[in-house]
Amino acid sequence: MMEEDMENGRSYQERRRTFATVRSRSSVPLVFRMLMRINPRALIILFLLAFSGVLYVGASTSPIVVFVFCICTLSLFFSLYLTKWVLAKDEGPPEMSEISDAIRDGAEGFFRTQYGTISKMAFILAFVILGIYLFRTTTPQQEASGLGRATSAYITVASFLLGALCSGIAGFVGMWVSVRANVRVSSAARRSAREALQIAVRAGGFSAIVVVCMAVFGVAILYSTFYVWLGVDSPGSMKVTDLPLLLVGYGFGASFVALFAQLGGGIFTKAADVGADLVGKIEQGIPEDDPRNPAVIADLVGDNVGDCAARGADLFESIAAEIISAMILGGTMAKRCKIEDPSGFILFPLVVHSFDLVVSSVGILSIRGTRDSGIISPIEDPMTIMQKGYSITIMLAVVTFGVSTRWLLYTEQAPSAWLNFALCGLVGIITAYAFVWISKYYTDYKHEPVRLLALSSSTGHGTNIIAGVSLGLESTALPVLVISVAIISAFWLGQTSGLVDESGNPTGGLFGTAVATMGMLSTAGYVLTMDMFGPIADNAGGIVEMSQQPESVREITDVLDAVGNTTKATTKGFAIGSAALASFLLFSAYMDEVAAFAQSPFKEVDIAIPEVFVGGLLGSMLIFLFSAWACSAVGKTAQEVVNEVRRQFIERPGIMDYKEKPDYGRCVAIVASASLREMIKPGALAIISPMAVGVIFRILGHYTGQPLLGAKVVAAMLMFATVSGILMALFLNTAGGAWDNAKKYIETGALGGKGSEAHKAAITGDTVGDPFKDTAGPSLHVLIKMLATITLVMAPIFL
């Protein structure tokens, strides 16, 4: 017994020395470090003063904005409660804490370097935007309101930088909580599956609430500040219906940061994962997250920077883009219909997402732990528990959405219009639920598609790949049908709402589609919670495996991890559905903006014109080339990891017998430097392509007597890229998720279980699917919306 204690003590000391090599200085952002040095009482006074200032600006704008500010503030306090609750849980034995510390410091170190690179690129782009806006033409509305070129330029640049900053903070928040919650979930899994589930959900909930809150707060503060500063609606100044167009820069800044965060984080996490799996599982035959694998810490760090930080930035920009596009369309429709008080139509998206914060909070709190948590309870199905929470959230969202439409969209001109728009919201909510269900059907191993994919692994690696590709291709059909029905239904409901322009033409169609998009995102807080749950559960499983906990504990984390894969896949389906609707709205806003600048109608794009058709082809090509470069980046980086892991196993043969320690830090360093290098090329392609195409065809149009050719070609490029991007993202996300869960299904003991030939074939499929579902697929969500926002911001250079 005494010898065993000494051996455990030695192994603990070795583990401490091992993980010390990976650790770096903590990466707390400068703003937070400065706040920590301030006296708590002084901090409270500063907070109260800032809040009073915000309330004053809000009250000067509209009582609706004050309501939004109050809900957001209460939600921030709720997120602090969730943080305190999660951090109060124990971290388990010292060996768990050591592994968690190494993961946390690796993730924070990469985050600091990555966002340092992104911020430099953001400032360069800000100067480019400033130059373009200082020399562009102004619209008649801007001239009438006295908004000069310089003011317009500084407003757009400030919006862009604020959007980029908020997107970065959203990413930091997502990572900050995940690297602290993982070890607490691991510790709770030693007692109860339900307690581990509750901690993971509440940790994800904290991040989700903060992300949604920041998106709403940021747009509301920007809107109120511009409203007060520009003296909107006073004689000789800008009309409130034109104000939302000034917020477009905010959406572009959020998309810009989210794209590079998703690319860099996705390359990091999947290169480490592929490298660890190919050598560890297939060549050496050791389990997933085994401490003998030199790439295991890099893999666990990647879960946080790729799945948490990047997804936080992704959902933030989704919500910001949807709010801004809906505000633009609400203002446009109110102006055409001559509605006396258009503020309700413009601020409606902010109120919907304020209620989203409330209903998602209730959904998060509905998932409770067991009362007798000291007793090891049987494993329940976590997916069923989370689905119940989602059902509660959806039911509350339906009620609050109806209340919001009656409160803000009621007008004497069309007394029943609010009911039509409430039904549009219901269409969006049903669409969201359908997307979640379809994604779950194709990626959960309880359903037939994944089981058939697993069965194909029993006949070899090739048949597994063929079955996975065909499953991914098939999975695009149902979502496309759902989104098509949603767009047409919402447009028709809006069109028949009774709102007409001066000529008596119905004008509510596009706004109806915008309301459906809001309905779809009205449960975004809870959906993001389910998404954040995935990487936290994955990390918890890794910590349990590395700290060599009993098999019963690993069984609990394996179940949570498999559910996490499904929730991540459902969230990606949700994200691509909302991206499709939001891009449709932004496309309409782009056409309106071009018409305003050109001072001529711009209502349709004729793809029978050769140059316009070529623009469409270039848009589709952009999606395929971008996806290729993203997957290629993972492949190149994974090769470096594979070579390093093989080298360590050859040069340190004692690793397999636990006599020598792997150099985890070397793999982390390789993946970090390679991912930062490889993210530049696809990111630059996405930003430069639409601008280059617009300018080239503008010049061509000038010499061929077609004044709007540049704008038309960019519109076609945007349209085709959106359609191709939706289909490609659906294919990549679903195929990758299905391959991962087919492997998980075999690991439960099916078809020979771990180590069997079927398992090895499933691992090959999983490694192919890794860059699909976690690098290229999620990056396409951001790319689709960024193309829409960049064309809105850069529209003047196409004319």
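What follows is a short chat about a predicted model.

Biologist: What am I looking at, an experiment or a prediction?
Modeller: A predicted model.

Biologist: Let's start with α24. How many residues does it have, and how far does it reach?
Modeller: Helix α24 runs over residues 757-794, which is 38 residues. From first C-alpha to last it spans 54 Å, close to the 56 Å expected at 1.5 Å a residue.

Biologist: Where does α24 bend?
Modeller: At glycine 769, by about 35 degrees. Proline 771 follows within four residues of that point.

Biologist: Is α24 mostly covered or mostly open?
Modeller: Mostly covered, with 35 of the 38 residues in α24 buried.

Biologist: Switching to the surface. Which residues form the nonpolar patch?
Modeller: Val358, Val362, Ile392, Met395 and Leu396. Together they have about 370 Å² of accessible area.

Biologist: Which helices supply the patch?
Modeller: α11 (343-365) and α12 (382-408) each give at least two residues. The largest share, 3 residues, is from α12.

Biologist: And methionine 395, buried or exposed?
Modeller: Methionine 395 sits in helix α12. It counts as exposed because its relative accessible area is 55%, and the cut-off for exposed is over 50%.

Biologist: New topic. Where is serine 547?
Modeller: In the loop between α18 (524-546) and α19 (551-598).

Biologist: Why does serine 547 count as buried?
Modeller: Because its relative accessibility is 4%, and buried means under 20%.

Biologist: What does the side chain of serine 547 reach?
Modeller: The backbone oxygen of isoleucine 543, at 2.7 Å.

Methods:
Residues numbered from 1 in each chain as written. Predicted model: local features only at pLDDT ≥ 70, side-chain atom pairs only at ≥ 80, totals over all residues. Heavy atoms only, no water. Expected span 1.5 Å × (residues − 1). Bend = angle between axes of the 7 residues up to and from the residue. Buried < 20%, exposed > 50% of the residue type's maximum accessible area, 1.4 Å probe, protein only. Patch = residues over 30% accessible without salt bridge, like charges linked within 9 Å, V, L, I, M, F, W, Y side chains within 5 Å. Areas by Shrake-Rupley, 256 points an atom, 1.4 Å probe, with all protein chains shown as cover. Salt bridge = Lys/Arg side-chain N within 4 Å of Asp/Glu carboxyl O. Polar contact = N/O pair within 3.5 Å; in protein donor to acceptor, adjacent residues only side chain to side chain.
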